[in-house]
Amino acid sequence: MDNKNAAVSMRKITKTFGQDVIANKDVDLDIYKGEILSLLGENGSGKTTLMNMLSGIYYPDSGEIFIDSKPVSIRSPKDAYDLGIGMVHQHFKLVDVLSAAENIVLGLPGKLDIKKATLKIREICDKYGFDVDPEKKVYNMSVSEKQTVEIVKVLYRGADILILDEPTAVLTPQETQKLFEVMRNMKKDGKALVIITHKLNEVQEISDKVAVLRQGAYVGTLITKDTNPQEMTDMMVGHKVELNIERPEPVDPKLRIRVSGLNVVNEEGIKKVNDASFEIYSGEILGIAGISGCGQKELLESIAGLQKVESGSIKYFDDDGNETELVGMDPLKIKELGVALSFVPEDRLGMGLVGNMDISGNMMLRSFREGHGLFTDRKKPQNTAEKIVKLLHVETPGIETPVRRLSGGNVQKVLVGREISNRPKVLMTAYVVRGLDINSSYTIYELINLQKQAGAAVIFVGEDLDVLLQISDRVMVLCDGCVNGILDGRSAQKGEVGLRMTSLDAGKGEDR
Amino acid sequence: MKTKVREPKFHLVKRDDLSRYQRVLIRLLSIVLALILCATITAITTGINPFEVFGSIVSGAFGTARKTWITLQDLSVLLLIALALTPAFTMKFWNIGGEGQVLVGGLATAACMICFEQKLPSAVIILLSVIAAPLAGALWGFIPAICKAKWNTNETLMTLMMNYIATQLVSYFIIIWEVPKGSGKIGIINQNSHAGWMPQVFGSKYMLCILVALITMVFLYFYIGYSKHGYEIQVVGESENTARYVGIKVGKVIVRTMLLSGALCGIAGMLLVGSINHTITTTIAGGQGFTGVLVAWMAKFNPFTMVLSAFLIVFMDRGAGEIATQFGLNQSYADILTGIILFFIIGCEFFINYRIKRAEKHENKEGSSC
């Protein structure tokens, strides 16, 4: 292996969007063959933009790119492929109705020969240890399988330099391990790999070097084995960050919601929640673990009155123990009954907020009905907006900025801020830190803990099991819509939770 | 592998930093450019002095006091229809059934005038029209709305189909009411008694339309921008999921908004029949249900800006007739000129949203941008 010459050298790369958004400024980066490089940085630090310039999606405003020491100009993804660069994006770009093999050869010049292609795909899979059926249709695939197809697609086109944009965000711990296995095989084969990620434990596990970006600028490169999470975080954020999540003991827990025998069937007629029963108390955090599509979305939406329930009951208990049945209520009725229920849904701009409205307009979503007149009260939401911007340090030019212009972390702060501003008795959050950087994530964890201490019953659906096990008092595992065990957050093991997420038998075996 | 370094000549950059003043300037510039192109084409293809053509367009619209009044009246009808469509479009309910909603409003008015001529005093007939026309328009808006709310049907298709039903309905009644028999026309309704004719306002028969359009404009500005209903319309338009999430009943908002949209179109139809034409034909709406979409869209659904976009269309349309007669040019010639101007006005939005940036040489440190 030749480690002297970099496979890719980026020099003084600058990219701006519009007048004042600087995505990258004078970034230098070297990628070597036979190495895995982690690209680390907060949201909006320009990691994806930088890699998009390598894969031909954007063109840099200035700066130079060298491949094997030769200057190149990458103007389109095709140019990138010609140079042996392939990128696997966060959002998959596959055609659902086609098979894996068809997707892989799609867009390639020459005659279409699926048989030959299938053979070559099998060859690639055997070489690196992928597990993919070339004839399987994409719509039948799990997220992890789709990702595998994307990676094989890139390899099929002869890529020697692979870029993976947050590949583990959608995977279970077991699937992540499988991916890392494959990545190590590719590394052995002399490929150059770049992985963009937020998760420090994964950085440590998989990469040889870590390049850190901060606010579009290159901060430096660390050798992974010589560094630690604290150093990486400090470098990424630019100042010291406390990396502990608190877990205060629940104070005076009271029964808040009792779900019993809940069944939900979605619009396609698929059973999403299967006979779920559990309780949630005030002053505690109930974590919910499960792979995507395990029914957590439908479960939360049933409680919020957004999902039609087949059978079962959801009872809400107020401070005096009076019960209210929530099944069959819509969100407005639930509110009118005086149930202070807040919900931070998974799809922030698609459900929780209106992207084209400004921050105060989004505050109004919860309060516009107040007052008797025909007209909306604009003063109060404006005040709320100003308060949230100040309190949660939302980075925005002003409260008149449409929320879609804000970065992911700030969008989430606006949503969470609004949902906790009306002092909820029940707070439900789904993937509340998805896509957020470390700094914002810890701010959000703190806010959730404050709500818990204020006596709210918190349901926390998370994908990062480390966090889930650190913050939750109890962890409920969902598998295929079934409650597959409720574990104590203080003693539960990650491995066991992972196993219960993927296999109903795992839970049953232990229970017996 | 290609080793030659190729640079793109220029690329597009999105921008959102233009001041209000700059935006207006770009739009004005586009109209000036459009006029220059129009003049050049006129000079080349017809040999007529383009400034004479422009002059006669202006005199066609504003040449005499009467012409000016008619221009203003036409403007107010088009404005009213564009305004009527605005609540629906704000909700992203693509109501292209303005034409039909106007027609049934007109039909209801004609029915009141014809059926009650001898039986009721004129004032009562007017009152009945004022009730019946919005109701008819609202019904025409209600049918696609309830289908959308209940079964999520495609509103574009349905509102379009409703147009044809309205047209056929009007032809049917024209046969029943035709005067004289066999002519296939209704002619001026109640020509002698003037029963059911809309009253003059401030001593002018043109003022009523103008007044109604102005009141509607102010009403909609506050209704959409500042009322609770308007807020619900905006949220439903942006995201139905978000609307449901905060407990807005999406179906109810769709139906309520389309009732309003249809009713306003019905009023426009009432004015066309009761105040302007005093007759009804299948083409009385004259495609304004569709032109209204363009007017509303060009104004970005701002009720006040709609005056400008409606004015442009009406002005060109009125001028068209004039140049057709004065220079012996085909009526289509004015359409060509209108087309060129619209193309520039809509095209200039591109330059408001994007900036074209020349590629920089590697040696250059600072970028040159235009």
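A:Phe375 lies in the loop between helix H12 (359-367) and helix H13 (379-391) of chain A. Helices here are DSSP runs of H or I with at least four residues, strands are E runs of at least two, and both are numbered from the N terminus. The model is predicted, so local features need pLDDT of at least 70 and side-chain atom pairs pLDDT 80 or more, while totals for chains, interfaces and linings use all residues. Residues are numbered from 1 along each chain as written, chains are lettered from A and ligands numbered from 1 in written order, and side-chain values use heavy atoms, without hydrogens and water.

A:Phe375 is partly exposed, at 47% relative accessible area (buried is under 20%, exposed over 50%, partly exposed in between; 1.4 Å probe, protein chains only).

Chain B meets chain A through 34 of its residues, which contact 48 residues of chain A (contact: heavy atoms within 4.5 Å). The two chains bury about 3400 Å² between them. Of this, 54% is on carbon and sulfur atoms. Buried area is the accessible area (1.4 Å probe) that two parts lose on being put together, summed over both.

The count of salt bridges between chain B and chain A is 1 (a side-chain nitrogen of Lys or Arg within 4 Å of a carboxyl oxygen of Asp or Glu). A:Asp330 forms a salt bridge with B:Lys249, with the closest N and O atoms 3.6 Å apart. On the side of chain B that touches chain A, strand E1 (10-14), helix H7 (207-226), helix H8 (228-238), helix H9 (240-245) and strand E2 (354-358) each give two or more residues. H8(B) supplies the largest share, 6 residues.
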